[in-house]
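I would like to take you through one model, going from its backbone to its sheets and then to its surface.

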Amino acid sequence: FVVYVIGPQGQDADVARVELPRTLSKGAHELGDLVVRPSPVLASGTVVDASGKAVEGAGGTGSVSVTYGDLSGEMWWESLYGNRARTDAAGAFALRSERHGERVSLSAAKDKLRGGPQVVASGARDVVLTLAATGTLEGVVLLDASISRASIAVQIVPREPQSDDSFAQDGAPPSPNEDGGFAITGLRPGLYDVHIMDRTNWEPLHVVEGVSVTGGAPTRDPRLDPLDLRARYTALVLSVFDESSAPVPHGNVVATSPGAIDGRYYVFDDGKCVIVHAGGALDLEISATGFLPQRVLGVVANQRVVLRQGAVLHFQLAAGLRVPDEPYLLFVQLTALDGEWNSSAWNTGPPVFGSDGHAEQRVSMAGRARLSLMLAINDDDVGWGSLYLGESATREIVISDRAAEQTFEVAFDPADLAKAMKLLHDD
C-alpha cells in the first residue's frame, strides 16, 4: 500500500509504503502510522539557455528505461507523466520518483524553448539541459472538393526515435484550413515524417518523409508547399438507414478495392460514413449491432444502403435448471456456421440469464449457428474469468433472416456447472 505526497510542481515529493498480507478478508483494516520519506532522485542538474544562462521556472519531466525479456535485453521507455520538476532561480532541478530504471530520459521546456530528450544514467547528478528555440512547420494540403477539411489531420512523427515525445508538438494534430494551409508549432529542431491522416479511421493517406525543421523562423518544405492530393483522393458518402428510413445510429464499414486483400475500417454515426479513397470501385461491408450485415460491390459514387434488423432470440433454461448465484453469470455464446462471423453481433454484450432462467437479445447474424453456454465469474475478491460448460450445453440452431422472435430451450448437465464453478473460483 503506497501513499504519495505530491509536491507543488506535481512531483512525487515523499512516499510512504506499507506491505500488505497476501490475502485480506473483507472489511476495514488498520494500517497503523504511515511514515513518509523523500522519493529517490532520478536525476538532477541545471537547465540553461543557448547562451549558458540559467533558466528559472523551466518545467522538466522524464522517462525511465525498462528492460524486459530474459536475455534479449529489449527495452522500452516508461513515461513519468505525474512526475515533474521545476527549476529554481539558479536553474537547478531534481526529478524524484519511486519508479526506476537503468537510464533516464530528460526533457524540459519554458515558453517557446525546449530541450532534450537527453538520456543519462539513473541517479545522475550535474546534468546540464540546454533549451533551444522550437520550430514551426507550415504548409498547404490541396484536397478534392468532396473531402471535408475537418476529416483530415496533419500529424508529425519524429524521424529519429525519441524516448520522450511529450513535447513533440503543441496540441492535437491540426486540420488544414479552407485554403489548405496548416501550421504545427512547438517542434524540436530535427527530421520529421509528415502524415496526412484520415480522421475517420486514423490511417495515413500520404506520407512526406524527412522534413527538416529548424528553430526560429517557420519551415516550409517545397514538398508541402503545396502538397496537391486533388487528383489522388476523392470521397464518397455512405448513408445507412433501417427499414423505416431512420438513420442507423452506429456501425462500421470495411471498404476494399477489388483484388485487394485488406480493406480500410470505418466507424459511422447517425447513419453517415464518409470514405476517402484513391478512386475506382469499392466493395463495402456494412454492419451494425442488431442488424444483418450487408455487402455492396463496385461502389463508385454516394450510396444509400438499407439494413434489415436481425431476429430477437429468446433463450430459456430447461425445466428443473436454475441460474447460479452471484458472483457467477451464465450467458450465451453464438458461433456462425454459415459464412463469416459478424463481429458486431455481441457489441452490446452477450445475453446473460436472469434469475427467471431467461435471456434475450436481437442478433446481427442469420443461418446456422452453434449455441454454447458459458459460465463467468465477476467478483472483486476473485476477479473475472469465463469457461465453456462443455458439450452438454451445446446445440446447433437456425436463426431467421427476418426480424422474427425465436425461442430456444437450453439445457446443461448440473455436474458440468458445478465443475466449472469450482475451476473458476480456484483459478
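Predicted model: local features only at pLDDT ≥ 70, side-chain atom pairs only at ≥ 80, totals over all residues.

Where is Pro327 found? Pro327 lies in the loop between strand E26 (312-317) and strand E27 (328-336). Residues are numbered from 1 along each chain as its sequence is written, and side-chain values use heavy atoms, with hydrogens and water left out.

Let me continue with the backbone. The peptide bond from Glu326 to Pro327 is cis, with omega near 10°. Another cis bond leads from Gly116 to Pro117, with omega near 0°; Pro117 belongs to strand E10 (residues 113-121).

Two aspartates also deserve attention. Asp126, although not a glycine, has a positive phi of about 60°, and it sits in strand E11 (residues 124-130). Its relative accessibility of 70% makes Asp126 exposed, a class that begins over 50%, whereas buried means under 20% and partly exposed lies in between (1.4 Å probe, protein chains only). Asp270, likewise not a glycine, has a positive phi of about 55°. The location of Asp270 is the loop between strand E21 (264-269) and strand E22 (272-277), and at 61% relative accessibility Asp270 is exposed.

I turn now to the sheets. Strands E14, E16 and E17 form an open sheet in the order E14-E16-E17, with antiparallel pairing. Strand E14 (152-158) and strand E17 (203-213) are the edges: each has a single partner strand, so one side of each lacks a neighbour in the sheet. On average, neighbouring strands of this sheet are turned by 25° against each other, direction ignored; the axes are lines fitted to C-alpha atoms, for helices over the stretch in contact, and angles run from 0 to 180 degrees between N-to-C directions. E14 and strand E16 (residues 190-198) are joined by seven bridges, where pairing requires that DSSP finds at least two bridges between two strands. Within this pair, Val154 has Ile196 in E16 as its bridge partner.

Strand E13 (residues 135-142) pairs with E15 in the antiparallel sense over five bridges, and Glu138 stands opposite Ala183 in E15. Why is strand E15 (residues 181-187) described as largely enclosed by the rest of the structure? The reason is that five of the seven residues of E15 are buried.

Another buried position is Gly62, at 2% relative accessibility, in strand E5 (residues 59-68). Not counting residues up to four places away in sequence, Gly62 touches Ser79, Leu80, Leu95 and Ser105, contact meaning heavy atoms within 4.5 Å. Gly62 and Leu95 are 33 residues apart in sequence, with 8.0 Å from C-alpha to C-alpha.

Methods: Helix = DSSP H or I, 4+ residues; strand = E, 2+ residues; numbered from the N terminus.
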